[in-house]
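Hi,

Here is the structure I promised to pass on.

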Amino acid sequence: MNASSNPILRIEGVGKAFGPVTAVDDVTLDIRENEFFALLGPSGCGKTTLLRMLAGFESPNAGRILLEGKDISPLPPEKRPLNLMFQSYALFPHMTVRQNLSYGLEMERLARTEIRRRVDETMATTDLTQFADRKPEQLSGGQKQRVALARALVKRPKVLLLDEPLGALDKKLREKMQLELKRMQNEVGITFIIVTHDQEEALVMADRMAILKDGRLLQVGAPEDVYERPADRFVANFIGVMNFIDGKVGVDGLFVAEGLQVKASGNAGSATLAVRPENIAIGPPGDLPVSGAVVDIAYHGLDRVLHVKTTASATPLQVRIPASGAGNWKIGDALSLKIDPARCRLFQ
Amino acid sequence: MSFNATRPTLLAAPGVAWLVAFMVVPCLLVLSYAFFERGVWGGVEYTFTLENFARVADPLYAKIFLNSARIALTATVAAILIAYPAAYAISRAPRMSQPILLFFAVLPFWSNYLIRTYAWIVLLNREGLTNNLLRSLGYTGEPLSMLYTESAVITGLVYNYLPFVILAIYSTLSRLNPELMEASRDLGAGPVRTFLRVTLPLTLPGVAAGGVFVFVLSIGNFVTPALLGGGRFQMVGNLVYDQFLTANDWPFGAALGAALILTMIVLLLLQARATAHASGERKGEAAQ
């Protein structure tokens with residue numbers, strides 16, 4: 001959002017293996033100053049290992065990590081101006097909220113009054129003032145989450161690392177905290193790097209995101225870029241919902257599958273067409289080029305998703321239509337479809 | 001009483017019955033002896049007196065009490081200092097090898113307490129293994145007299161109770177979320193400050209449990225001081241033993257025993273309170 005283009009953190013050819021298992025494989029990545037960056041991937045993709053290397057809990061087997069141009073990879077965690085918000089929150093159970101927040105500043109050997117001032121300030125911005133003297137056991141999940149965030153923020157790190165920060169919260173609270181985190185990041189002007197397996201979370205919060213799989217970086221970009229122009233079939237499937245149709249591209253540049261033709265710019269040969277549910281238009285039987293039948297309907301409130309069986313693919317195509325829109329489709333109804341050629345991706 | 005309230009009581013019944021029959025009743029019986037006069041050939045004359053308790057407070061016996069407490073405390077501190085690093089190392093070892101390491105830690109328990117203590121006589125004797133080893137290494141002076149010293153008694157106590165302390169400290173260490181130590185490092189504390197401000201305070205219940213265990217078992221111990229102290233270092237345990245079996249003064253022995261039990265009960269209660277307090281904290285953390 002307010003991200004400048006200067007990289008604050010540069011991950012340069014970083015790799016990490018645990019015995020025979022490669023967790024992170026030659027990742028190169030620039031994180032810009034003040035941006036909200038998401039590391040996204042399925043579990044076991046190496047995103048947490050990468051984050052732990054940034055924090056200093058794992059050392060890379062290869063590559064360098066540059067913070068403002070300085071290699072921080074040899075530094076232990078306590079010497080790095082980055083702070084990590086742990087997935088388990090890792091609040092000190094024997095300390096009050098105030099003591100938890102003061103801990104990191106005491107380690108910097110700041111004056112008592114300065115510590116008090118900064119802790120008070122941070123507790124005010126994170127709505128924790130009234131809980132100052134409570135122990136973590138006396139807090140709710142959402143409150144603990146705020147303490148964990150405040151404890152890291154009070155250190156004024158150059159980069160804040162967040163490991164699945166909303167994972168332990170229920171859906172309603174999670175959605176509220178997504179916006180809250182984003183607001184907070186705007187306010188404090190600190191670079192946030194968040195690790196998540198939840199693509200929706202990444203889409204909502206991140207200025208830019210990186211998708212990892214099996215330790216490799218697949219794509220880096222703004223949420224819209226990744227959603228609309230996924231780099232490969234895995235990313236296309238991982239972010240949002242995607243229909244895949246296997247077929248082939250002819251010499252005439254037409255993608256052809258059973259009962260379906262789409263103009264495509266690809267090389268001749270076998271190919272997979274990927275299209276989002278919202279980029280398929282429907283009409284009465286015979287109106288549009290592809291014919292099909294409704295096999296399932298999922299109602300989502302704002303919209304509904306029709307699962308349409310066609311000859312083009314084994315799995316029914318998902319088509320999103322506004323719930324208020326025309327057409328009272330029922331299971332078993334025949335209809336026709338048209339795929340918007342401008343909004344498809346071709347993977348070969 | 002409702003059904004739900006009755007069932008736990010029923011489940012506890014066999015254990016409670018056992019304790020009452022073989023622990024509480026004999027203890028009370030012995031305790032009651034303390035209020036009577038001694039019989040000429042052992043046993044008691046049923047004449048009420050508080051004389052025995054007055055004798056416990058006698059400086060001569062109070063000194064033995066204090067001496068026992070000092071030896072027990074030294075053994076406790078030594079055991080904690082040895083056990084903590086060991087427990088820490090075990091808790092940081094790979095998950096797979098931790099049970100094996102713990103197995104080795106408790107291995108001495110597989111042999112009899114007396115035999116283990118006798119083994120120290122063989123080790124510490126003037127003609128024992130340690131002196132032989134020193135001689136073979138070229139030491140030519142007088143053989144060291146290590147046996148029948150206070151240090152020998154303390155060594156024996158520490159050796160015998162060390163596994164308990166390792167287990168107690170290990171159990172709190174292994175339940176500690178390792179991310180707490182990482183969080184401390186992340187917030188700018190080096191390894192030493194992390195240990196002093198996070199790891200140690202959170203494992204104090206284990207240290208207390210192990211420590212009280214060693215102290216309570218040491219202060220009343222009579223086998224180790226008898227064997228390794230050679231009877232030259234009287235502890236309360238030996239004193240009680242002597243009153244019953246040598247001096248035939250059962251009432252005084254009972255009074256000494258009562259004082260000893262009281263000390264232990266106070267310590268155990270203090271430790272139970274500390275543990276209850278700390279486990280409340282840990283519950284809060286587990287719920288995160």
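Predicted model: local features only at pLDDT ≥ 70, side-chain atom pairs only at ≥ 80, totals over all residues.

Strand 16 of chain A (residues 290–299) and strand 17 of chain A (residues 303–309) run antiparallel and are joined by 6 bridges. If you want one pair to click on, take Asp296(A), whose bridge partner in strand 17 of chain A is His307(A).

Val308(A) has Leu317(A) as its bridge partner in strand 18 of chain A, and Arg304(A) has Ile321(A).

These strands belong to an open sheet of 5 strands in chain A, with the order 15-19-16-17-18 and antiparallel pairing. Which strands stand at the edges? They are strand 15 (280–283) and strand 18 of chain A; each has a single partner strand, so one side of each is left without a neighbour in the sheet. From one strand to the next, the twist averages 45°.

Chain A has another open sheet for you to look at, this one with 6 strands in the order 6-7-8-3-9-10 and with mixed pairing. Its edges are strand 6 (82–85) and strand 10 (216–221) of chain A, and because each has a single partner strand, one side of each lacks a neighbour in the sheet. The twist in this sheet averages 20° from one strand to the next. At the strand 10 end, strand 9 of chain A (residues 208–213) runs antiparallel to strand 10 of chain A, with 5 bridges joining them. Ala210(A) stands opposite Val220(A) in strand 10 of chain A. At the strand 6 end there is a helix to check: helix 4 of chain A (residues 141–153) lies across strand 6 and strand 7 (159–163) of chain A. Helix 4 of chain A runs at about 175° to strand 6 of chain A.

As for annotation, an unreviewed UniProt entry gives "domain: ABC transporter" for residues 9–239 of chain A. Over residues 9–239, chain A is 36% helix and 27% strand, and the end C-alpha atoms are 25 Å apart.

Now to chain B, which has 12 helices and 2 strands. Reading from the N terminus, its elements run α-β-β-α-α-α-α-α-α-α-α-α-α-α. The C-alpha trace of chain B spans about 75 × 70 × 35 Å along its principal axes.

UniProt (unreviewed entry) lists "transmembrane region" for several stretches of chain B, including residues 69–88 and 194–219. I looked at how those two come out in the model. Residues 69–88 of chain B are 100% helix and 0% strand, with the end C-alpha atoms 28 Å apart. Residues 194–219 of chain B are also 100% helix and 0% strand, and there the end C-alpha atoms lie 34 Å apart.

Helix 4 (residues 98–106) and helix 7 (residues 150–175) of chain B pack at an angle of about 150°, with their axes 8 Å apart. That angle makes helix 4 of chain B roughly antiparallel to helix 7 of chain B. The crossing is left-handed. On the helix 4 side, Leu102(B), Ala105(B) and Val106(B) meet Pro163(B), Ile166(B), Leu167(B) and Tyr170(B) of helix 7 of chain B. How do the residues of this contact divide by class? There are 7 nonpolar, no polar and no charged.

Last, the place where the two chains touch. Here 22 residues of chain B are in contact with 23 residues of chain A. On the chain B side, the elements that give two or more residues are helix 8 (178–186), helix 9 (191–219) and helix 12 (250–286) of chain B. That side of chain B divides into 7 nonpolar, 6 polar and 9 charged residues.

Cheers

Definitions and conventions. Residues numbered from 1 in each chain as written. Chains lettered and ligands numbered in written order. Pairing = 2+ DSSP bridges. Helix = DSSP H or I, 4+ residues; strand = E, 2+ residues; numbered from the N terminus. Contact = placed C-beta atoms within 7 Å. Nonpolar A, V, L, I, M, F, W, Y, C, P; charged D, E, K, R; others polar. Axes fitted to C-alpha atoms, helices over the stretch in contact; angles between N-to-C directions. UniProt positions renumbered as here; feature names shortened; annotations may be inferred. Parallel < 35°, antiparallel > 145°, perpendicular 65-115°, else oblique. Left-handed = near helix turned anticlockwise from the far one by under 90°.
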